[in-house]
Amino acid sequence: CFLSHLECIKIGKEKKLNSIFVIEDDCIPFYNENNLDERLNSIKNILDTYDDWDIFLGCVNKFFSQDVIGSICIENKNFVKIKKGHMTNMICYNCKCYDFFLNINPDSGIPIDVCWNGKLTAIVPVPFIAAQEDDFINIANAPISYRGRTMTSNNSFVKYVKDNSKI
């Protein structure tokens, strides 16, 4: 996963793209396929006009309240800005962070969804626009419910935005 993301980032940098989306094969969009392009274009337009972000995450599966920087509303869409989180199955990299990722040694053992924690900021839509397919963890010899973890985080983000809105 890390190497494929790095290759995409290299291409984005070489082509001088303002940002690039990477959507992994285990990503489950919350919109039907006909609406996914429309939703991604809408998000891309927002990201092109709002520049105070390093990465965009379609969802997060681990959430701690101390990692929240704040909430923002752009074009009537809610986002939470975080300094730490896990999940890269739907991610958009801002060009200003290309070098950060390209300077990480993929052999370091640090997963790509963790290496940015505490060093960059991410914005996450509320509600999430995707989840991750459930998986089987070989080390633990057990299944893991990424979708359940994602929905728990989503509910926490929705509550955070509701509790912190100025309505």
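Tutor: Let's start with a term: a nonpolar core is a set of buried Ala, Val, Leu, Ile, Met, Phe, Trp, Tyr and Cys residues joined through side-chain atoms within 4.5 Å. Buried means under 20% relative accessible area, exposed means over 50%, and partly exposed is in between (1.4 Å probe, protein chains only). The largest nonpolar core here has 45 residues. Those with the most contacts inside this core are Ile55, Phe56, Leu57, Ile82, Tyr93, Phe101 and Trp116. Helix 2 (residues 33-49) gives the largest share of this core, five residues.

Tutor: Before we go on, this is a predicted model, where local features need pLDDT of at least 70, side-chain atom pairs count only at pLDDT 80 or more, and totals for chains, interfaces and linings use all residues. Residues are numbered from 1 along each chain as its sequence is written, and side-chain values use heavy atoms, with hydrogens and water left out.

Student: How do you know where the model's confidence is lowest and highest?
Tutor: By pLDDT, the predictor's confidence in each residue, from 0 to 100. Strand 9 (residues 135-137) is lowest, at a mean of 61, and helix 3 (residues 98-102) is highest, at 97. The protein chain's mean is 84, with 92% of its residues at 70 or more. Where pLDDT is low, the predicted coordinates should not be read in detail.

Student: And what makes something a helix or a strand?
Tutor: Both are DSSP runs, numbered from the N terminus: helices are H or I with at least four residues, strands are E with at least two.

Student: Why does valine 161 count as buried?
Tutor: Valine 161 has a relative accessible area of 10%, so it falls under the cut-off. Valine 161 is in helix 4 (residues 146-164), and it touches Ser71, Asn78, Val80 and Val126, with residues up to four places away in sequence not counted.

Student: Is lysine 15 buried or exposed?
Tutor: Exposed, because its 59% is over the limit for that word. Lysine 15 lies in the loop between helix 1 (2-14) and strand 1 (19-23).

Student: What makes methionine 87 stand out?
Tutor: Methionine 87 has a positive phi of about 140° although it is not a glycine. Most residues other than glycine have a negative phi, and most peptide bonds are trans. Methionine 87 is in the loop between strand 5 and strand 6 (90-94), and at 3% relative accessibility it counts as buried. Glutamate 75 also has a positive phi, near 50°.

Student: How do you know that the bond from valine 126 to proline 127 is cis?
Tutor: Its omega is near 0°. Proline 127 lies in the loop between strand 7 (122-126) and strand 8 (130-132).

Student: Which residues does tryptophan 116 touch?
Tutor: Among them are Ile55, Leu57, Ile82, Phe100 and Phe101, leaving out residues up to four places away in sequence.

Technical notes. Contact means heavy atoms within 4.5 Å.
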